[in-house]
Amino acid sequence: MSSNLSLIPALHAALSEVFTSGGVSYTLAETTSITTRTLRLPGRVTVIIGLIGSLRGRLIFSFDEESWKALTEAMIGDEAPDSLRISMLNELTNMLAGSMIRHNTLSDDLDITPPTLLVGSDMLLTGLEPPVLMQLVTLGTGTMRVVIAASA
Amino acid sequence: MSFIITFVSSIKRAVQNVLTGTIPDFEVTPKDVRVIKDREIELDQGLFIIVGMTGRIKGRMIYRINEASGLKLASRMMMTDLPEMDDLAYSALAELTNMISGNTLSSPDFQELNVDISPPTLFQGRTVSFRSLKIDVIQLAFEFDGGSIDMFIAIEE
């Protein structure tokens, strides 16, 4: 089993743990294998978390306009300013990645870097080394994309 | 604050060592160092390369390279005139930034901090901005014949 594939069950466990305790309803959509070196991510917020240890790479959490709205409104209501929503997303993705590390069964020496947050309308991730996996998660009427790009 | 000064001088040394050590007859000049007060960095055209850090210090180093500079740098590194930014050019730049980041943190000043870095993640030429939530961002700039590189460091408390 590829190292990226082995992180998928850990992601599912993390989503269940973090989203369920936060009162966020979500639906797992498909998992796709990315075979190109470039991947277009629709805006609006993308968070990159580095993965260190016997698996090295990164986890990328990308939110389109609708999923970012659905998620932040579920957690802090619809009147919160953008700065607070962004701060919450930073914390939430950090919790998801931390939970993934705890749930993974492949390695017990994994560590994560703090989240780095990019804001934009259309983002092109490049220099990927396929195969890379992407899990789609439905949040409200939008889609959150989780890209897992690591190797042993 | 003295830590930031050490970090900045270590980066300058690493950029110098890696670029002149990897690329024949290469000259690079450090320019101004400044603090980005609004904690936001814009990318219009070019590349953002993000390297995460964790250990006794945590944060990220971000490289910003415009397309012409990226092409020039990758061409010099590959010792061939690359016509456009392609996979080879991206790999060359990822490797350079990985080396610069690693070299910065392997200096004696940092050894006991036990910092590890994640592999570089590349974002390409759209209107994208980086937002730092709580901490100031330090910007370093470097010039070489035919281009420039900006580097940003944001280290958490």
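To start with the rings, how many aromatic pairs does the structure hold over all chains? After that, which strands does E9(B) pair with?

Modeller: This is a predicted model, in which local features need pLDDT of at least 70 and side-chain atom pairs count only at pLDDT 80 or more, while totals for chains, interfaces and linings use all residues. Residues are numbered from 1 along each chain as its sequence is written, chains are lettered from A and ligands numbered from 1 in the order in which they are written, and side-chain values use heavy atoms, leaving out hydrogens and water.

Over all chains, the structure holds five aromatic pairs. Rings of Phe, Tyr and Trp (its six-membered ring) pair if their centres lie within 6.5 Å; planes under 30 degrees apart are stacked, over 60 edge-to-face, and the rest tilted. One of the pairs joins Phe19(A) and Tyr26(A), edge-to-face at 5.4 Å centre to centre with 65 degrees between the planes. Phe19(A) is buried at 0% relative accessible area, and Tyr26(A) is partly exposed at 24%. Here buried means under 20% relative accessible area, exposed over 50%, and partly exposed in between, with a 1.4 Å probe and protein chains only.

In chain B, Phe26(B) and Phe144(B) make a tilted pair, 5.4 Å centre to centre and 40 degrees between the planes. Phe26(B) sits in the loop between helix H1 (2–22) and strand E1 (28–36), and Phe144(B) in strand E8, so the pair ties together parts that are 118 residues apart in sequence. Both Phe26(B) and Phe144(B) are buried. Ring pairs also link Phe3(B), Phe7(B) and Phe110(B) into a cluster.

Now the strands. Helices (H or I, at least four residues) and strands (E, at least two) are DSSP runs numbered from the N terminus. Two strands pair if DSSP finds at least two bridges between them. E9(B), residues 147–156, pairs antiparallel with E4(B), residues 58–65, over seven bridges. Across this pairing, Gly59(B) stands opposite Ile155(B), and Arg60(B) has Ala154(B) as its bridge partner. E9(B) is also joined to E8(B), residues 137–144, by seven bridges, again antiparallel. Here Glu143(B) stands opposite Ser148(B). E8(B) and E9(B) form a hairpin with two residues between them, and Gly146(B) in the turn has a positive phi of about 95 degrees.

E9(B) is mostly covered, with eight of its 10 residues buried. E4(B) is largely enclosed by the rest of the structure, because six of its eight residues are buried.

Gln139(B) is in strand E8 and is buried at 8% relative accessible area. Leaving out residues up to four places away in sequence, Gln139(B) touches several residues, among them Asp32(B), Arg34(B), Arg64(B) and Asp150(B). Contact means heavy atoms within 4.5 Å.

On its other pairing, E4(B) meets E3(B), residues 47–54, antiparallel over seven bridges. Ile50(B) has Ile62(B) as its bridge partner in E4(B). The hairpin of E3(B) and E4(B) has three residues between the strands, and Gly55(B) there takes a positive phi near 145 degrees.

E3(B) pairs in turn with E6(B), antiparallel over four bridges, where Phe48(B) is bridged to Phe123(B). The pairing also crosses between chains: three bridges join E7(A), residues 122–126, to E6(B), residues 121–124, and these strands run antiparallel. Leu125(A) has Phe123(B) as its bridge partner.

Last, a residue from a helix. Thr97(B) lies in helix H3 of chain B and is buried at 3% relative accessible area. Neighbours within four places aside, Thr97(B) is in contact with Ile49(B), Tyr63(B) and Pro120(B).
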